[in-house]
Amino acid sequence: MSYQPATIGTEDRTLEQLLRVDKLPSAVFSLSPAIGRAIIRLWYRYLTHIDPDEQVTLMNYGYAETGTDAPFPSLCREDEADRYCIQLYEHLTIGVDLKGSAVLEVGCGRGGGASFVARYPKPASLTGIDIVARAIDFCNRHYRTAGLTFARGDAVALGFGHGSFDAVINVGSSHYYRSMPCFLAEVRRALKPGGWFLFADFRKREEMPALRRQLVEAGFELVREADITDNIVRALEVDNDRKLALIQRRVPWLFRKTFKEFAATPGSATYDSFNQARWVYKSFVMKRGEITSPTPPQTKS
Ligand SMILES: C[S@@+](CC[C@H](N)C(=O)[O-])C[C@H]1O[C@@H](n2cnc3c(N)ncnc32)[C@H](O)[C@@H]1O
């Protein structure tokens, strides 16, 4: 299928210019946080233009077994194409009984992970939120699963009542947030006492100890913690042909290099950062502890 340019608005035209930067998303980290956030929002808006038949529903780097892991359970045929991205959710939720519970996913993107959790572990309800309105419009159009709903929302101002959820899931999204302490305080508030916080994301190696400290200081008890960088690298390698084919089909040639960077395909600077362990990807299974958190952090807008 050839690429059909979609009608795009002013924000997206700005993005077309920004996309000529080669090393997104790594480049945005060297910009000011506000500019970086604006670029990321524009980036996700643009993604919605180039996938008219709604094939892309997951946007994480994936998770693949490295030999020592137990094999993952079988997936329905329609989920097979997204196996590696789904496996990151599977890895995070394994051993946690979500059946019949109320679950929130923050930073759900195009909802593929939320849809997997809603259909396999079968919580009573799953609410997916994302800051990008078009991603939420996509989810509301695309999914028809009982108990699965989506709404626009900001991770650092969730706005749910105290103790609304039994579990909060967050995958590959927190590195964009303007305040990690505010996000963690919001998650803690939204969770019931003893509720699960299932969290996976990457940081530069030297930043990881500070992230771990933030989790503990925010009042979460670490139940399981894993460095999954090797599993991410393996997934990037084994899922590469599928991603390259998608990029070749959908992305105008001018932006292909940028998309390869975004997808961390082998050969990109992002892939190298993981492969050489300069960036570390970790998963944390946590419980909301009983300690009362210190003074709530203030968000900067
Ligand atoms: C790499 S994608 C991952 C999406 C999804 N978790 C997945 O695995 O497919 C990161 C998502 O975080 C969202 N995001 C970034 N900042 C956010 C914020 N402040 N609040 C909520 N979502 C945010 C982005 O819009 C994007 O959809």
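Me: What counts as a helix or a strand here?
Reply: Helices are DSSP runs of at least four residues, and strands are runs of at least two. In this predicted model, the chain comes to 11 helices and seven strands.

Me: Why are strand E3 and strand E6 called edge strands?
Reply: Two strands pair if DSSP finds at least two bridges between them. The open sheet runs E3-E2-E1-E4-E5-E7-E6, with mixed pairing. Strand E3 (148-152) and strand E6 (220-227) each pair on one side only, so they are the edge strands. From one strand to the next, the twist averages 15°.

Me: How do you know that strand E1 and strand E2 pair?
Reply: The cut-off is at least two bridges. E1 (residues 102-106) and E2 (residues 125-130) have five, in the parallel sense. Therefore they count as paired. Glutamate 105 stands opposite glycine 128 in E2.

Me: What makes helix H4 a helix that packs on the sheet?
Reply: Contact means C-beta atoms within 7 Å. Helix H4 (residues 112-119) touches E1, E2, E3 and strand E4 (165-171). Its direction makes about 175° with that of E2.

Me: Which strands does helix H7 lie across?
Reply: Helix H7 (residues 208-217) lies across strand E5 (191-204), E6 and strand E7 (279-288). H7 runs at about 10° to E7.

Conventions
Residues are numbered from 1 along each chain as its sequence is written. This is a predicted model: local features need pLDDT of at least 70, side-chain atom pairs count only at pLDDT 80 or more; totals for chains, interfaces and linings use all residues. Axes are lines fitted to C-alpha atoms, for helices over the stretch in contact, and angles run from 0 to 180 degrees between N-to-C directions. Two residues are in contact if their C-beta atoms, placed from the backbone, lie within 7 Å.
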